[in-house]
Amino acid sequence: MEKSEKGNGAAPATRSPMALMGSSRNENQEVNTSMRTAETMLRLVPMALGVAALVVMLKNSQSNDFGSVSYSDLGAFRYLVHANGICAGYSLLSAIIAAVPRPSTMPRAWTFFLLDQILTYIILGAAAVSTEVLYLANKGDSAITWSAACGTFAGFCHKATIAVVITFVAVICYAVLSLVSSYRLFTKFDAPVNYPSKTIEATVFHG
């Protein structure tokens with residue numbers, strides 16, 4: 001009796017294959033939930049940055065004895081406002097979609113990939129053009145008789161610089177999002193290209 005009791009006590013506990021599959025499934029769900037939460041937060045950050053840059057630039061105007069200037073007087077700054085508004089709206093919409101626990105499909109992955117790329121270039125272009133205008137406003141350009149205006153409208157240039165810096169931070173966030181969406185797309189799915197191998201072989205034989 002003692003031997004049998006000792007033998008029963010020393011026997012290791014084994015888990016059934018179904019239990020192992022269930023535990024691995026739970027671990028995968030936890031990982032997916034964590035990744036989905038991280039992506040959602042990452043998509044909300046550029047939304048906040050875009051709104052901040054947009055508000056700063058919308059309120060950017062100055063009047064003094066030399067005249068008045070507003071962001072709407074410069075096309076580059078108008079473009080910056082519109083680009084930040086579009087990117088902020090897209091960030092909010094994509095964050096809502098990313099937060100929904102749905103299986104990843106090829107159309108969804110391609111949509112995120114393409115839109116992330118497009119919005120990255122839009123916001124990057126806005127930041128780059130606005131930086132050029134700020135440079136001219138600070139340094140001037142004698143070749144085109146453009147005098148430095150920031151000495152006269154220092155407050156205007158200061159707010160514009162803040163808006164451009166915030167926009168460049170949003171550009172970094174979109175670059176990271178583009179890397180995430182491209183990694184997810186090309187690690188899970190193949191490129192949608194059909195190779196007409198049979199047609200090529202038939203053409204070669206007929207030739």
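**Reading a helix pair and its aromatic cluster**

Guide: In this predicted model, the axes of α4 and α5 come within 8 Å of each other and cross at roughly 155°.

Visitor: How is the relative direction of α4 and α5 to be described?

Guide: Angles over 145 degrees count as roughly antiparallel, and therefore α4 is roughly antiparallel to α5. As for handedness, α4 passes α5 in a left-handed crossing.

Visitor: Which kinds of residue make up the contact of α4 with α5?

Guide: The residues of that contact divide into 21 nonpolar, nine polar and one charged.

Visitor: How many aromatic pairs does the structure hold, and why is the pair of Trp110 and Phe113 edge-to-face?

Guide: The structure holds four aromatic pairs. Planes over 60 degrees apart count as edge-to-face; the rings of Trp110 and Phe113 have their planes at 85°, with centres 5.7 Å apart, so this pair falls in that class. Both residues belong to helix α4 (residues 106–139), where they are three residues apart, about one turn of the helix.

Visitor: Which aromatic pair links distant parts of the chain?

Guide: Trp110 and Phe186 also form an edge-to-face pair, at 5.9 Å centre to centre and with 85° between the planes. Here Trp110 lies in helix α4 and Phe186 in helix α5 (residues 154–188), 76 residues apart. Trp110, Phe113 and Phe186 together form one aromatic cluster.

Visitor: Is Phe113 buried or exposed, and what is the relative accessible area of Phe186?

Guide: Buried means under 20% relative accessible area, so Phe113, at 13%, counts as buried, whereas Phe186, with 46%, is partly exposed.

Definitions and conventions
Residues are numbered from 1 along each chain as its sequence is written. This is a predicted model: local features need pLDDT of at least 70, side-chain atom pairs count only at pLDDT 80 or more; totals for chains, interfaces and linings use all residues. Side-chain values use heavy atoms; hydrogens and water are left out. Rings of Phe, Tyr and Trp (its six-membered ring) pair if their centres lie within 6.5 Å; planes under 30 degrees apart count as stacked, over 60 as edge-to-face and the rest as tilted. Helices (H or I, at least four residues) and strands (E, at least two) are DSSP runs, numbered from the N terminus. Buried means under 20% relative accessible area, exposed over 50%, partly exposed in between (1.4 Å probe, protein chains only). Axes are lines fitted to C-alpha atoms, for helices over the stretch in contact, and angles run from 0 to 180 degrees between N-to-C directions. Angles under 35 degrees count as roughly parallel, over 145 as roughly antiparallel, 65 to 115 as roughly perpendicular and the rest as oblique. A crossing is left-handed if the near helix is turned anticlockwise from the far one by less than a right angle, and right-handed if clockwise. Ala, Val, Leu, Ile, Met, Phe, Trp, Tyr, Cys and Pro count as nonpolar, Asp, Glu, Lys and Arg as charged, and the others, Gly among them, as polar.
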